[in-house]
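This briefing is intended for a reader who is meeting the structure below for the first time. Please keep the sequence and the model in view while reading.

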Amino acid sequence: MSQALQTNSVSAPGFYGLNTQDSPLDLSSGFALVAKNCIIDQYGRIGSRKGWTRVNSSSGDLGANDVGVIHELVQSDGTLTVLFSGNNKLFKLNTSNAVVELTYGGGGTAPTISANNWACASLNGITYFFQAGHDPLIFDPAVSTTTYRRVSEKTGYSGTVPSANIVISAFGRLWVADTTTDNVTVYFSDLLAGHIWNTGTSGSLNIDRVWPNGADEITGLAAHNGFLIIFGRRQILVYANATTPATMSLQDTVGGIGCIARDSIQATGKDILFLSNSGVRSFARTIIEKSAPLGDLSKNIRSDFMQIIASETLSSIKTVYSETEAFYLLTLPTVKEVYCFDTRVQLQDGSFRVTNWDSIEPTALLSRRNGDLLIGKNGYIGKYSTYQDYTSSYRMQYYTNHADLGNANITSLLKRLKVVIIGGSNQYVTMKWGFDFATNYLSTNVLIPTQGISEYGIGEYNVAQYSDGVALQTLVAQASGSGKIVQTGYEANISGSALSIQRIEIQTKDGKMS
């Protein structure tokens, strides 16, 4: 008598994101061992990330050089200006998205610009540029929309602006830190005047003897709910009443955890995310409790992730939080990867769902006020959109964890794979399978047919469509081989069409019992 097929289903493939930290045999079926060039969409499906298109059609004086930083100046009249650096120059995009070099408009010798890793902040309609070893610069469109000057050349300049490497705009003033001679003092400008540093309500805060666990150095600044957050490399200080610096006081301290990369700090509205020496962290402040709980958002990939971080130049790491896309991106330029942390929900262990991208390689990131996500590229500003990397395809890869399909003592005979997918019309999906932790996968290519028109409930065989116009298709692959532990994988070249995976069915028969 023929033995009946047994079906093992994964109804939400990859829903929990990557997990390379725990034993694969102990993982829920919702975790992935590979999730490359993937996101977890708003419906909880694992699918392809978007690609990018060029915003500027030609490079101008940027040439074939990487964009180092992107910043958006928002003026009170609603005018939005995209500013960026590259080729040791400053640029903007004009209203037709052409690259316009900002030339020096001061009265003396032009400042020397030898790097493109600026920290930018806007205050009262002016953008300020700070970078270690450089004169602080300003772009003031009320004076000129095509030039920049030193801060010290602004009319009414007073005091000495610190040549800092860190700047934020918060509570109506600039806050800067980390000069070549002082990394334990925070300086703040006068109210609404980023060019006044010795009069009014300007001042400084030395924290050399405030660190709870001994000497440290300032690596970043942030503002949240009226608090000034000062990040050290190994500890954090929280100051209350930062809206009125004269009454500012130490509210809280955190020892043992700090920020290791200036540009990893991102405000999400409800939280502050940053990269620590143990992974990506959440600084979730509860005002009522006056506490500063910390959450490890990268715990499911911690070992692999931190091993990569150890080889990176920390000053080159860039991040962005996109409210529109609901993710926090972190670039790792040495290994040319991006880690994507989904911020919609946290898992039960407090971590975020994570995927990684290996072919988009941003050199800078910016989430614009209108929701657009801009990325720096070689010679271009890109926009995160469509499903091609400019004109090239990219490879989406998703692999399940290893599973014994119900009984670790029985060898499973693999017969058939079924995968319900969404999108990807008229392209191939490569289905792979392997046994007992071996990486010599068997595989077959299955064509996604051109999607026809059908309605939910009356669709043709293997095709159904919901009211939002999204077609579901079931792909079937005849499989072979046997083993006690089974892993499957799904790969596709993304070239103009989104693809996501809704459900997986693995059909087997029982073999020998050991």
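The points that follow cover aromatic rings, strands and sheets, one serine, and the cysteines.

The structure is a predicted model, in which local features need pLDDT of at least 70, side-chain atom pairs count only at pLDDT 80 or more, and totals for chains, interfaces and linings use all residues. Residues are numbered from 1 along each chain as its sequence is written, and side-chain values use heavy atoms, with hydrogens and water left out.

**Aromatic rings**

- A search of the whole structure gives 18 aromatic pairs; rings of Phe, Tyr and Trp (its six-membered ring) pair if their centres lie within 6.5 Å, and planes under 30 degrees apart count as stacked, over 60 as edge-to-face and the rest as tilted.
- Trp52 and Tyr390 form a stacked pair, because their ring centres are 5.8 Å apart and their planes stand at 25°.
- Trp52 belongs to strand β6 (residues 52–54), while Tyr390 is in the loop between β33 (381–384) and β34 (394–400), so this pair ties together parts that are 338 residues apart in sequence. Strands are DSSP runs of E with at least two residues, numbered from the N terminus.
- Trp52 is buried at a relative accessible area of 8%, whereas Tyr390 is partly exposed at 35%. Here buried means under 20% relative accessible area, exposed over 50%, and partly exposed in between (1.4 Å probe, protein chains only).
- Phe231 and Phe274 form a tilted pair, because their ring centres are 4.8 Å apart and their planes stand at 50°.
- Phe231 lies in strand β20 (residues 227–232) and Phe274 in strand β24 (residues 272–276), so parts that are 43 residues apart in sequence are tied together by the pair.
- Phe231 is buried, with a relative accessibility of 0%, and Phe274 is buried with a relative accessible area of 0%.
- One aromatic cluster is formed by Phe305, Tyr328, Tyr339 and Phe341.

**Charges over rings**

- The charged end of Arg54 sits over the ring of Tyr390, 3.9 Å from its centre; this term requires NZ of Lys or CZ of Arg to be within 6 Å of the ring centre and within 35 degrees of the ring normal.
- The charged end of Arg49 sits over the ring of Trp357, at 5.6 Å from the ring centre.

**The sheet that contains β6**

- An open sheet of 4 strands runs in the order β6-β33-β32-β31, with antiparallel pairing; two strands pair if DSSP finds at least two bridges between them.
- At the edges stand β6 and β31 (365–367), each with a single partner strand, so one side of each has no neighbour in the sheet.
- On average, and with direction ignored, neighbouring strands of this sheet are turned by 30° against each other. Axes are lines fitted to C-alpha atoms, for helices over the stretch in contact, and angles run from 0 to 180 degrees between N-to-C directions.
- The antiparallel pairing of β6 with β33 extends over 3 bridges, and Arg54 has Gly382 in β33 as its bridge partner.

**The sheet that contains β20**

- An open sheet of 4 strands has the order β19-β20-β21-β22, and its pairing is antiparallel.
- Its edge strands, β19 (218–224) and β22 (249–255), each pair on one side only.
- Neighbouring strands of this sheet are turned by 20° against each other on average, direction ignored.
- Strand β20 is joined to the antiparallel strand β21 (residues 235–240) by 4 bridges, and Ile229 stands opposite Val238 in β21.

**Strand β14 and its pairings**

- Strand β10 (residues 99–104) runs parallel to strand β14 (residues 147–150), to which 2 bridges join it; Thr103 stands opposite Thr147 in β14.
- Strand β13 (residues 137–139) is joined to β14 by 2 bridges in the antiparallel sense, and Ile138 has Arg149 as its bridge partner in β14.

**Ser500**

- Ser500 is part of strand β42 (residues 499–513) and is buried, with a relative accessible area of 7%.
- Leaving out residues up to four places away in sequence, Ser500 touches Asp41, Arg45, Ile46, Gly47, Val420, Ile421 and Ile422; contact means heavy atoms within 4.5 Å.

**Cysteines**

- The structure holds 0 disulfides, a disulfide being a pair of cysteine sulfur atoms within 2.5 Å.
- Cys259 is buried at 0% relative accessibility, and its sulfur is 17 Å from the closest cysteine sulfur, in Cys120, which is too far for a bond.
- Cys340 is buried, with a relative accessible area of 4%; the closest cysteine sulfur to its own is in Cys38, at 9.8 Å, too far for a bond.
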